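Reader: Pick one part of this model and take me through it closely, please. I'd like the plain version, with the cut-offs spelled out as you go.

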Amino acid sequence: MLDAILGGLQGLVAGFAHLHWSNPIMIAVGCTLLYLGIKKGFEPLLLVPIGFGAILVNIPLAGLMDKEGFLRIIYEAGVLTEIFPLLIFVGIGAMTDFGPLLENPKIFLLGAAGQFGIFLTLALALALGFSKLDAVSIGVIGACDGPTAIYVASQYAPHLLGAVSVAAYSYMSLVPVFQPPIMRLLTTKEERMIDMGIVKKSVSKTTKILFPLIVTVIGGLIAPKGLPLLGTIMLGNLMKECGVVSRLTKASENEIANIVTLL
Amino acid sequence: MEMDNWTFGITMVVVGMGGTLLTLWILSLFMGILKRFFPYKEEEK
């Protein structure tokens, strides 16, 4: 009987006994992300689930990421299959108004700014000795686009998926921390008080409806491998602009986007 | 085709950035054409 009681008591401390030195560090990282998200309000939709997830998976013997753990099931169903990034993009397309872009099509070229970030990060990753496919997956972080980073990493470097996801979303979440001081440094108070005025809406509804179709076809023909992401964001936008599927639009920008963000 | 990291990086930058800028430019042209063929009408407001 004493053995049974001792065995039972051992079970109560087994979690502590199996702690690796990395577990408390990652739990602290998770707590930090939670603090930034809850107390400071930095991208809470991202940091709260990520922070809590980091805590959950670093508690030993819980098995959440084991073969039949619930996080593993969600991971294999949505992340490894690349479905989650695509569903998020449908929601993003449904939430986005491309009117100001269509008002001044030259702004399209500013989209290249994100690509600069990707290729700079790619070059750094190659210089640090990562393999080509690993560097490609790491490079996408430079565009500050979480779903795309997850999508590319799951295709080309699945072993880096966790690190890329955390790096990408942490980086995005820290933008509100780093950008304001830089903006204040590079502008004067008078410049920041300039009233830019309201952009005159001079884009027809037909243009707004044809835009996602044209982008899908042209972009898909030039870069077919990118069509899943491009097509889903344009699908969301088409649903929004056509105005005849408002239920689907509302579901995309609310329920679907929120559920996938959480998962 | 096996290439070293340096060649790979340069190729990616040239083809990637060049392709991106070209694609964005083509799209901006298309949008300009669309705006010309389907101008905004005040009654749409």
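Author: Let's start at A:Glu82, which is in the loop between H4 and H5 of chain A. Helices here are DSSP runs of H or I with at least four residues, strands are runs of E with at least two, and both are numbered from the N terminus. Bear in mind that this is a predicted model, where local features need pLDDT of at least 70 and side-chain atom pairs count only at pLDDT 80 or more, while totals for chains, interfaces and linings use all residues. Residues are numbered from 1 along each chain as its sequence is written, with chains lettered from A and ligands numbered from 1 in the order in which they are written.

You'll find A:Leu61 in the loop between helix H3 (44-57) and helix H4 (70-79) of chain A. A:Leu61 is exposed, with 11 other C-beta atoms within 10 Å.

Now on to helix H5 (residues 83-95) itself: its axis comes within 8 Å of that of helix H14 (residues 246-262), also in chain A, and the two cross at roughly 140°. Axes are lines fitted to C-alpha atoms, for helices over the stretch in contact, and angles run from 0 to 180 degrees between N-to-C directions. That makes H5(A) and H14(A) oblique to each other; under 35 degrees is roughly parallel, over 145 roughly antiparallel, 65 to 115 roughly perpendicular, and the rest oblique.

Who does the touching? On the H5(A) side the residues include A:Phe84, A:Leu87, A:Ile88 and A:Val90. H14(A) contributes, among others, A:Thr249, A:Ile256, A:Ala257 and A:Val260. Contact means that C-beta atoms, placed from the backbone, lie within 7 Å. The residues of this contact split into 9 nonpolar, 4 polar and 1 charged. Nonpolar covers Ala, Val, Leu, Ile, Met, Phe, Trp, Tyr, Cys and Pro; charged covers Asp, Glu, Lys and Arg; the others, Gly among them, are polar.

Methods: Contact = placed C-beta atoms within 7 Å. Buried ≥ 20, exposed ≤ 12 C-beta atoms within 10 Å, placed from the backbone.
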